[in-house]
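Please walk through this model step by step. Keep the sequence and the 3D view side by side as you read.

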Amino acid sequence: MTDAPVLEMRRIRKTFPGVVALDDVDFELRRGEVHILLGENGAGKSTLMKILSGAYQKSAGQIILDGIETEIKNPRHAQTLGISIIYQELNLIPHLSAGDNIFLGCEPSRMPGLIDQRAIFQSATQALGSLGLTIDPRRPVKDLRLAEQQMTEVAKALSLNARILIMDEPTAALTEHETAELFATVRRLKEKSVSIVYISHRIEELFEIGDRVTVLRDGRSIGTYKVRDISKAELIRLMVNRELTEQFPKEREPSGEEVLRVEGLCTDSLKDISFSLHKGEVLGIAGLLGAGRTELARAIFGLDKIESGAIYIKGTPRKINSPRRAINFGIGFLTEDRKSQGLVPLLSVKENVCLPSLDKFSKWGVVNAGEEERATGRYVKDLRIKTPSLDQKVLFLSGGNQQKVVLSKWLCSQAEIFVFDEPTRGIDVGAKAEIYQLMNRLTASGVAIIMISSELPEVLGMSDRILVMRGGRITGEFSASEATQESVLQCALEQ
Ligand SMILES: Nc1ncnc2c1ncn2[C@@H]1O[C@H](COP(=O)(O)OP(=O)(O)OP(=O)(O)O)[C@@H](O)[C@H]1O
Ligand SMILES: [Mg+2]
């Protein structure tokens, strides 16, 4: 890292109707540095980077690239200036090969109009190889692991000669091992003097990979710090500006009453799953990516075909062959993939929250708008959903705040059994604690929760019992008092 700034953003302002997303933000990026952008959900991180990558136009302020004031007109213009962004939602085309994706739009050709497949293959191998990767560029992207897809995005950015690479929550869906792979790639990029802006809610990561960190709060820049000069506690304080409650405030007394029992459940990817769930209990499900945890949730919610086995709800065997039926039996499912399954982006916050519980708010077909308003308002307050009003379209909320809306939607429904798949993914540290408090309130009122999570501290901190899955089977069960990080991990890994 040298001290020369490749980029300066000065007094950047961005307003949307009813929202000041960025208020005079300064940001500076040096050659070969990894600069972390940190802030709560809705603080303005993605907006600042969307301005840099040409997706949004700033309302005011200056962008200075290599000392020259520059207007970034659109994403294509940003690319020609050497700025690339990797969104959390990847932008590759699933059925094309990795190589085709890398050179999409700028295919090497010997004759105009003719695409040279061999040249693509060679250049792609070279691009991937320069990152130390051994991905076969002929493989379709849909067959690659998520981390490999992400690396392909990085290779694509580099083939465009990116000097500034923006990564918006790149590790949110990666396993620990894949995260390590990505970090190795990031280090290699640094050596090539690429400057990187890195956004993540995992604070531990910034100490591993970051050089400097800029904290945003409510659309303002709070300051820029050298990572080695600042502590985690201090960063959290700068970010949230209030006292946080204890991280895992578990206070629970499950009653013995069984609300759900699964016996010998088999599906395409699950083998002989049996367990029970009790009123007021949080049952944690740990395991590595691909262990079958989400498949278990899908089966219980009627999304996947059950081949054999039985599901009992409050002692009665029930056939759950559609989500509709699952909801009727009092089951709620917070999916891991919120974008495609959780929200209707063009509807308002209020409409999304109240959607699955319309029955609750209407009598003889007449919706009680006041009730809806009150219920939604409470969740917006409890979970600190950042929105200018209850009528804002969900599309316009920040990523983390969209997730909080999905969560509210289910909390507001009358479900008695919840399946939460990665409930805090992409959620900032402050809001995490609030989600845990809400889980406590739910269990106190007799609700039972199955919580799938890849974050072991969260599983250990919030569960009363823990099941570990591997290869579609349950490979271990622990009570909260006997489980340790090591014992759970070993159970998840063992061959
Ligand atoms: N297109 C838009 N229209 C209206 N408001 C918007 C739009 N894009 C962003 N906002 C608002 O700007 C603010 C900042 O959002 P931004 O997406 O930058 O947050 P973020 O820091 O990336 O949060 P997260 O950690 O949740 O991803 C939010 O209040 C958001 O609702
Ligand atoms: Mg964001």
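**A walk through the model**

R11 lies in strand β1, which spans residues 5-16. Helices (H or I, at least four residues) and strands (E, at least two) are DSSP runs, numbered from the N terminus. The model is predicted: local features need pLDDT of at least 70, side-chain atom pairs count only at pLDDT 80 or more, and totals for chains, interfaces and linings use all residues. Residues are numbered from 1 along each chain as its sequence is written, chains are lettered from A and ligands numbered from 1 in the order in which they are written, and side-chain values use heavy atoms, with hydrogens and water left out.

Stay with R11 for a moment. Its phi is positive, about 45 degrees, although R11 is not a glycine. Most residues other than glycine have a negative phi. R11 is exposed, with a relative accessible area of 53%. Here buried means under 20% relative accessible area, exposed over 50%, and partly exposed in between (1.4 Å probe, protein chains only).

D66 also has a positive phi of about 45 degrees, and D66 is not a glycine. Look for D66 in the loop between β4 (60-65) and β5 (68-69). D66 counts as partly exposed because its relative accessibility is 37%.

Now take in the whole chain. The domain assignment gives domain 1 (5-240) and domain 2 (258-493). Such bounds come from an automatic or database domain assignment. The C-alpha centres of domain 1 and domain 2 lie 31 Å apart. Across the boundary, 19 residues of domain 1 are in contact with 17 residues of domain 2. Contact means heavy atoms within 4.5 Å.

Where does ligand 1 lie? Both domain 1 and domain 2 give residues to the shell around ligand 1, so ligand 1 lies between them. Of the 21 residues around ligand 1, G42, K45, T47, S398 and G400 come nearest. A residue is near a molecule if one of its heavy atoms lies within 4 Å of it.

Next come the polar contacts, each a pair of N or O atoms within 3.5 Å. A backbone N or O atom of G42 lies 2.8 Å from an oxygen atom of ligand 1. An N or O atom in the side chain of K45 is 2.8 Å from an oxygen atom of ligand 1. The side chain of Y56 places an N or O atom 3.2 Å from a nitrogen atom of ligand 1. On its own, ligand 1 has 640 Å² of accessible area, and the protein covers 93% of that. Accessible areas come from the Shrake-Rupley method with a 1.4 Å probe. The elements that give two or more residues to the shell are β2 (19-30), α1 (45-52) and α15 (399-412).

Move on to helix α6 (residues 176-191), where T179 is found. T179 is buried, because its relative accessible area is 8%. Leaving aside residues up to four places away in sequence, T179 touches T171, L174, R202 and E205.

D229 sits in the loop between β10 (220-226) and α8 (232-240). Is D229 buried or exposed? D229 is exposed, with a relative accessible area of 56%. The C-alpha atoms of D229 and R212 are separated by 9.4 Å, and these residues are 17 apart along the chain.

Finish at helix α9 (residues 293-300), where six of the eight residues are buried. They are R293, T294, L296, A297, A299 and I300. Just after α9, G302 takes a positive phi of about 80 degrees.

Key: Polar contact = N/O pair within 3.5 Å; in protein donor to acceptor, adjacent residues only side chain to side chain.
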